[in-house]
Amino acid sequence: MTIEQKVAPKAIPSKASNPTAKRTAATRKPPAKRTTTIKTPVATALALEKKAAEQEVIAAKAVKSGKVKMERDSFTMPRDEYAQLAALKARLLALGQPAKKSELLRAGIKLLAAMTDLRLKKAMADVPVIKTGRPKKKK
């Protein structure tokens, strides 16, 4: 046996077997083709109706099965509007109907959903747009 046969050369890892290897232009996937669609008011209305119908089906299934799936979320709200939640909770407590913040928000959503399109549009126009996200920490 010669020296070359005894000492095996180190294996060079291939990029396919090394997950940390950088992708090269040859291994990247080409970007997906983008299609641009122009949404007309009719198409938008149809899409909204379809989404509403899907939501109704999901709600019907949830009622039928007896088990409602919950969603968790977070949001940003001005302090004065957040204080109104506390005031409403106090009013309801005085009326003998204690409620949680989430129950107040859900009641508000039900009222918004029951509005006509014009009243909903007016109500949303009265709500000021705020910057969303968390404020930056002060150092």
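Residues are sorted here into classes: Ala, Val, Leu, Ile, Met, Phe, Trp, Tyr, Cys and Pro count as nonpolar, Asp, Glu, Lys and Arg as charged, and the others, Gly among them, as polar. The structure is a predicted model, in which local features need pLDDT of at least 70 and side-chain atom pairs count only at pLDDT 80 or more, while totals for chains, interfaces and linings use all residues. Residues are numbered from 1 along each chain as its sequence is written, and side-chain values use heavy atoms, with hydrogens and water left out.

Begin with two helices (DSSP runs of H or I, at least four residues, numbered from the N terminus). The axes of α3, residues 79–94, and α4, residues 101–114, come within 10 Å and cross at roughly 100°. Here axes are lines fitted to C-alpha atoms, for helices over the stretch in contact, and angles run from 0 to 180 degrees between N-to-C directions. The two helices are therefore roughly perpendicular to each other, a term for angles of 65 to 115 degrees. In contact (heavy atoms within 4.5 Å), Tyr82, Leu85, Leu88, Lys89 and Leu92 of α3 meet Lys101, Leu104 and Leu105 of α4. The residues of this contact divide into 6 nonpolar, no polar and 2 charged.

Next come the pockets. A pocket is an open set of points on a 1 Å grid over the protein atoms alone, where a 1.4 Å probe fits, with protein on both sides within 12 Å along at least five of seven lines; lining residues have an atom within 4 Å of a point. By class, the lining of the largest pocket has 28 nonpolar, 8 polar and 11 charged residues.

The second largest pocket holds about 210 Å³ of space. It is lined by Ala45, Leu48, Glu49, Lys51, Ala52, Gln55 and Asp117, and α2 gives the most, with 6 residues. This lining has 3 nonpolar, 1 polar and 3 charged residues.

Last, look at Thr76, in the loop between α2 and α3. Thr76 has a relative accessible area of 40% and is partly exposed, that is, between buried (under 20%) and exposed (over 50%), with a 1.4 Å probe and protein chains only. Thr76 and Thr132 are 56 residues apart in sequence, but 5.9 Å apart in space, C-alpha to C-alpha. Not counting residues up to four places away in sequence, Thr76 touches Ile130, Lys131, Thr132 and Gly133.

Notes. Angles under 35 degrees count as roughly parallel, over 145 as roughly antiparallel, 65 to 115 as roughly perpendicular and the rest as oblique. Grid points are joined across faces, edges and corners, and a volume is the space filled by probe spheres set on the points.
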